[in-house]
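Dear colleague,

I am passing on the structure we spoke about, with the sequence alongside. Please look it over first; my notes on it follow below.

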Amino acid sequence: MQEIKLESIETKLFKATWSLYEGSFPSNEKRQLTTQEKIFKNQNYTALCYLNSKNELIALLFYWKFDNFYFVEHFAVNPEYRGQSYGTKILNDFLKDKNNVVLEIEPVCDEQTKKRLEFYKRLNFIENSYEHFQIPLKKEDKSIILTLLSYEKAINNKEYSKLHEMMQENLAIY
């Protein structure tokens, strides 16, 4: 499997990756293309895509580095490759040299959201008890409650406050 860093919306693989992104997240959990173009310029942001040996898109992983936190903003596996352990392999590789990794998921409300939580728990993510609201990614979006997961250990109040402050400063870019 090959990991490719996307540098701009002009990057060769961006169009296919953006198509996966568009099809994987609800409207209120994704950016507009013009905003995506802006955040590529932010040194704290990294957009990765993953290809198999046939150069077919397997997955995307978009994340931020905030001081001592890594915030996985978007992670999606191509529906054609789900259930084949690609997601587990990609995240395990990502996590092996990082501390303080956090991500958001929808609260469990159906079988799909339950499976998502179970997937992350198998990778040693822990549910944090904070009432956590996603930073809106578009002006017209409202904050929504999401579940904040952290890798291997819960985050304390001071860490959460700092993380949320950094998220507000960096994610609300329109």
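How many helices and how many strands are there in the chain? The chain has 5 helices and 8 strands, and, read along the sequence, these follow the pattern β-α-α-β-β-β-α-β-α-β-β-β-α. Please keep in mind throughout that this is a predicted model, and that every value below was computed from it.

As to overall dimensions, the C-alpha atoms fill a box of roughly 45 × 35 × 30 Å along the principal axes. The radius of gyration is 15 Å, which agrees with the value near 16 Å that a compact globule of 174 residues would have. Of the 174 residues, 50% count as buried, and the chain exposes about 9,500 Å², of which carbon and sulfur atoms supply 46%. Among the contacts with a separation of 6 or more, 64% are made by residues 24 or more positions apart.

The interior

The largest nonpolar core holds 32 residues, and Phe66, Leu163 and Leu171 are those with the most contacts inside it. At least two residues of this core come from each of strand E1 (2-6), helix H1 (14-24), strand E2 (45-51), strand E3 (57-66), strand E4 (69-77) and helix H5 (157-171). A second, separate core has 25 residues, including Leu61, Tyr70, Phe94 and Leu103. To return to Leu163, its contacts, once neighbours within four places in sequence are left aside, are Phe66, Phe69, Val102, Leu148 and Ile155.

Why can strand E5 be described as largely enclosed by the rest of the structure? The description holds because 5 of the 5 residues of this strand, residues 101-105, are buried. In a regular strand the side chains alternate between the two faces of the sheet. In E5 both faces are covered, with Val101, Leu103 and Ile105 buried on one side and Val102 and Glu104 buried on the other.

E5 pairs with E4 in the parallel sense over 3 bridges, and Val72 stands opposite Leu103 of E5.

Not counting residues up to four places away in sequence, Leu146 touches Glu29, Glu104, Ile105, Glu106, Pro107, His132 and Gln134. Leu146 and Pro107 are 39 residues apart along the chain, yet their C-alpha atoms are separated by 5.8 Å.

His132 is found in strand E7 (residues 132-133) and counts as buried, at 0% relative accessibility. With residues up to four places away in sequence again not counted, His132 touches Glu104, Ile144, Ile145, Leu146, Leu148, Tyr160, His164 and Met167. From His132 to Ile145 there are 13 residues in sequence and 5.7 Å in space, C-alpha to C-alpha.

Gln36 belongs to helix H2 (residues 33-39) and is likewise buried, with a relative accessible area of 0%. Leaving aside neighbours within four places in sequence, Gln36 is in contact with Phe14, Trp18, Arg31, Tyr45 and Phe62.

Two backbone angles to check

Most residues other than glycine have a negative phi, and most peptide bonds are trans.

With best regards

Conventions
Residues numbered from 1 in each chain as written. Predicted model: local features only at pLDDT ≥ 70, side-chain atom pairs only at ≥ 80, totals over all residues. Heavy atoms only, no water. Core = buried A, V, L, I, M, F, W, Y, C linked by side-chain atoms within 4.5 Å. Buried < 20%, exposed > 50% of the residue type's maximum accessible area, 1.4 Å probe, protein only. Helix = DSSP H or I, 4+ residues; strand = E, 2+ residues; numbered from the N terminus. Contact = heavy atoms within 4.5 Å. Pairing = 2+ DSSP bridges. Rg over C-alpha atoms; globule rule 2.2 N^0.38 Å. Areas by Shrake-Rupley, 256 points an atom, 1.4 Å probe, with all protein chains shown as cover.
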